[in-house]
Amino acid sequence: MKGTFVLQTNDEHFKQAISEFLFEYCKDNDVHVDIYEMNTVGAIKVMEIVMAK
């Protein structure tokens, strides 16, 4: 899954910082990003899909 990054954290400060950084980076570089927050079950399923590719 080219261009896919999965970050797993419970740190609210990090979540805010990465969201702000990505917003500015994407705005300045004509890039698109989607940010999703998931529960543990959803996160495990995503990691299984990403690791299988």
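## The loop between the helices

Ile35 sits in the loop between α1 and α2. This is a predicted model. Phe23 is 12 residues away from Ile35 in sequence. In space, the C-alpha atoms of Ile35 and Phe23 are 10 Å apart.

Asp30 belongs to the loop between α1 and α2 as well. Is Asp30 buried or exposed? Asp30 is exposed, because its relative accessible area of 77% is over 50%. Its backbone also deserves a look. Phi of Asp30 is near 50°, a positive value in a residue that is not glycine. Most residues other than glycine have a negative phi.

Helix α1 covers residues 12–29. Phe21 and Tyr25 both lie in this helix, 4 residues apart. That spacing is about one turn of the helix. In an α-helix there are 3.6 residues a turn, so residues three or four places apart point the same way.

How many aromatic pairs does the count give? The count comes to 1 aromatic pair. Phe21 and Tyr25 form it, and the pair is stacked. The ring centres are 6.0 Å apart, and the angle between the planes is 25°. The pair is called stacked because planes under 30 degrees apart fall in that class. Tyr25 is partly exposed, with a relative accessible area of 41%.

Phe14 is another residue of helix α1. Phe14 has a relative accessible area of 36%, so it is partly exposed. Along the chain, Phe14 and Glu24 are 10 residues apart. Their C-alpha atoms are 15 Å apart in space.

## Helix α2 and its cap

Helix α2 runs over residues 40–52, which makes 13 residues. From first C-alpha to last, α2 reaches 18 Å. This is close to the 18 Å expected at 1.5 Å a residue.

Which residue caps the N-terminal end of α2? Asn39 does. A side-chain oxygen of Asn39 lies 3.3 Å from the backbone nitrogen of Val41.

## Two valines of α2 and Val6

Val46 lies in helix α2. Its relative accessibility is 24%, so Val46 counts as partly exposed. Val46 and Val6 are 40 residues apart along the chain. Their C-alpha atoms are separated by 8.3 Å.

Val50 is also placed in helix α2. Val50 is 44 residues from Val6 along the chain. The C-alpha atoms of Val50 and Val6 are separated by 8.4 Å.

## The largest pocket

The largest pocket has a volume of about 1,000 Å³. It is lined by 28 residues. Which of these are the closest to its centre? They are Phe5, Val6, Leu7, Ile35 and Tyr36. Two of these names have come up already. Ile35 is the residue placed in the loop between α1 and α2. Val6 is the residue whose C-alpha atom is 8.3 Å from that of Val46.

α1 and α2 each supply at least two of its residues. The largest share, 7 residues, comes from α1. By class, the lining has 16 nonpolar residues, 9 polar residues and 3 charged residues.

Definitions and conventions: Residues are numbered from 1 along each chain as its sequence is written. This is a predicted model: local features need pLDDT of at least 70, side-chain atom pairs count only at pLDDT 80 or more; totals for chains, interfaces and linings use all residues. Side-chain values use heavy atoms; hydrogens and water are left out. The expected span of a helix is 1.5 Å times one less than its number of residues. A polar contact is a pair of N or O atoms within 3.5 Å; within protein, one must be able to donate a hydrogen and the other to accept it, and residues adjacent in sequence count only if both atoms are side-chain atoms. Rings of Phe, Tyr and Trp (its six-membered ring) pair if their centres lie within 6.5 Å; planes under 30 degrees apart count as stacked, over 60 as edge-to-face and the rest as tilted. Buried means under 20% relative accessible area, exposed over 50%, partly exposed in between (1.4 Å probe, protein chains only). On a 1 Å grid over the protein atoms alone, a cavity is a set of points where a 1.4 Å probe fits but cannot get out, and a pocket is an open set with protein on both sides within 12 Å along at least five of seven lines; lining residues have an atom within 4 Å of a point. Grid points are joined across faces, edges and corners, and a volume is the space filled by probe spheres set on the points. Ala, Val, Leu, Ile, Met, Phe, Trp, Tyr, Cys and Pro count as nonpolar, Asp, Glu, Lys and Arg as charged, and the others, Gly among them, as polar.
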